[in-house]
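User: I am new to this structure. Please walk me through some of its labels and what they rest on.

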Amino acid sequence: MADAIRRKRHLSSFQIIIIGFASLIIVGALLLMLPFASKSGTVTPFDEALFTSTSAVCVTGLVVHDTASYWSVFGQAVILILIQIGGMGVVTVAASFALLAGRKISLMQRNTMREAIAAPKTGGVVKLTGFIIKVTFAVELLGAVVMMPVFYRDFGARGIWMAVFHSISAFCNAGFDIMGTVEAPYASLTAYHMNPVINITLMLLIVFGGIGFLTWDDIRENRLRLKRYRMQSKVILVTSAVLIIMPAIYFFLNEYAGLPLSDRIFTSLFQSVTTRTAGFNTADLTALSGAGQGIFILLMLIGGSPGSTAGGMKTTTVAVLFLNLIAVFRRKGDAQCFGRRIESEAIRSAATILMMYLMLLFGGAVTISIADRLPMGVSLFEAASAVGTVGLTLGVTPSLSLISHMVLILLMFLGRVGGLTFIYATLSTRGNSISKLPQEKITVG
């Protein structure tokens, strides 16, 4: 039936991805509205359920209710399933069920899978999808097993559920936690800011999920023979390392300079890692300086890497723009990296993505600032957290107006599916003209 509809309406791969995410969000919202989804046994308003469902599917972590104290075990389970599907990708999960059922994957479906996981080619995409499924569950299981003794010691049998929940949430870069209580909601992981097992495990899960499955496929095939890696994998690994180390140094020397040495190291590293789309926090973010908030906003916009569980503009976008900047400064015709030339189409796409995210960021921040009469800095932080699918907040998300919540829902959705995907889905039916207009020079800069 679905294949017949697809043929009749000629849905593109991008449209299928958009529809898949939107449908999952609606289903999740309806499930969260059920009385037994909340601990109070009451029906959650649709707008609040929609916000939570969008945040889970788009692996963001912004919430209007404390996950631990408001939602029942059923509600938390629904949120976790939405996180898992949203992190792996709706198309990837659907394809995995088709593979398990022994169904053949058509060429159209393979192309959709390629777009969903940002694979370079359609060939081998089914095998790559199988690898993604195996890696996801293996890493999440390992993370849960490592954290389980700590949570079991502190919470008893409930610690098993907490280990599983936080392992999946961290690998999917979701930022949802179930650490809050009625007396102390929205606590995140501040109680474990000095625990090496929880800190290191969560940081590794976040990084593993954020560098992308194609990078892991490269690592699996070539091991430590770095010269054989794809240029994209090299760029991702180098850029990710820089974006972890440099902010951590700043946090260590400035924001958390008053903490004891071991606590200072863990807090600095954890905040540097989690800021790019994970959304956990082990420190009070309201105590950040203006410069610290600015760095957080920048990191949240950048996000993770292509084909990963993370959102944001992506590390490769920033790397390509930086390499093009170097090429312009050196008056070279092409941007180069690791002995390879970067295609001009990639530079155009990177510039487009940057402009789109900046427009979404400032448009969303201005709307939130006007609707709730908040300082522009706070509004920028909330908007960056949503469009970068991060989930960090300065504590204002639950008290925002309905207009601001709708803005954040839109930003989270566009941040997860990707701005270019949304545009391609909207404009894919329009034919491209082969004619060209006359060219004329324009002065820039």
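User: Why is Thr-67 called buried?

Analyst: This is a predicted model. In it, Thr-67 has a relative accessible area of 4%. Buried means under 20%, so Thr-67 at 4% counts as buried.

User: Where does Thr-67 sit, and which residues does Thr-67 touch?

Analyst: Thr-67 belongs to helix H4, residues 67–70. Leaving out residues up to four places away in sequence, Thr-67 touches Gln-76, Ile-79, Phe-165, Phe-176, Asp-177 and Ile-178. Contact here means heavy atoms within 4.5 Å.

User: Cys-58 and Cys-337: buried or exposed?

Analyst: Cys-58 has a relative accessible area of 0%, so Cys-58 is buried. Cys-337 comes to 11%. The cut-off is under 20%, so Cys-337 counts as buried too.

User: How many disulfides are there?

Analyst: The count is 0 disulfides. A disulfide needs a pair of cysteine sulfur atoms within 2.5 Å.

User: What makes helix H13 largely enclosed by the rest of the structure?

Analyst: The count of buried residues does. In H13, 10 of the 14 residues are buried, so the helix is largely enclosed. Among the buried ones are Asp-263, Arg-264, Phe-266 and Phe-270. The cover over the buried residues of H13 includes H10, H12 and helix H14 (290–302).

User: How do you know that the span of H13 is close to the expected one?

Analyst: Helix H13 covers residues 261–274, which is 14 residues. From first C-alpha to last, H13 reaches 20 Å. At 1.5 Å a residue, 20 Å is expected. The expected span uses one less than the number of residues.

User: How many cavities of 30 Å³ or more does the structure hold, and what is the volume of the largest?

Analyst: The structure holds 1 cavity of 30 Å³ or more. The volume of the largest cavity is about 100 Å³. A cavity is a space where a 1.4 Å probe fits but cannot get out.

User: Which helices supply at least two residues of the lining of the largest cavity?

Analyst: Helix H10 (196–210) and helix H12 (231–255) each do. H10 gives the largest share, 3 residues. The lining includes Asn-173, Ile-206, Val-207, Gly-210, Ser-240 and Ile-244. Val-273 also lines the largest cavity, and Val-273 is one of the buried residues of H13.

User: How does the lining of the largest cavity divide by class?

Analyst: The lining has 5 nonpolar, 6 polar and 1 charged residues. Arg-276 is part of that lining, and Arg counts as charged. Gly-303 and Gly-304 are in the lining as well, and Gly counts as polar.

Definitions and conventions
Residues are numbered from 1 along each chain as its sequence is written. This is a predicted model: local features need pLDDT of at least 70, side-chain atom pairs count only at pLDDT 80 or more; totals for chains, interfaces and linings use all residues. Side-chain values use heavy atoms; hydrogens and water are left out. On a 1 Å grid over the protein atoms alone, a cavity is a set of points where a 1.4 Å probe fits but cannot get out, and a pocket is an open set with protein on both sides within 12 Å along at least five of seven lines; lining residues have an atom within 4 Å of a point. Grid points are joined across faces, edges and corners, and a volume is the space filled by probe spheres set on the points. Helices (H or I, at least four residues) and strands (E, at least two) are DSSP runs, numbered from the N terminus. Buried means under 20% relative accessible area, exposed over 50%, partly exposed in between (1.4 Å probe, protein chains only).
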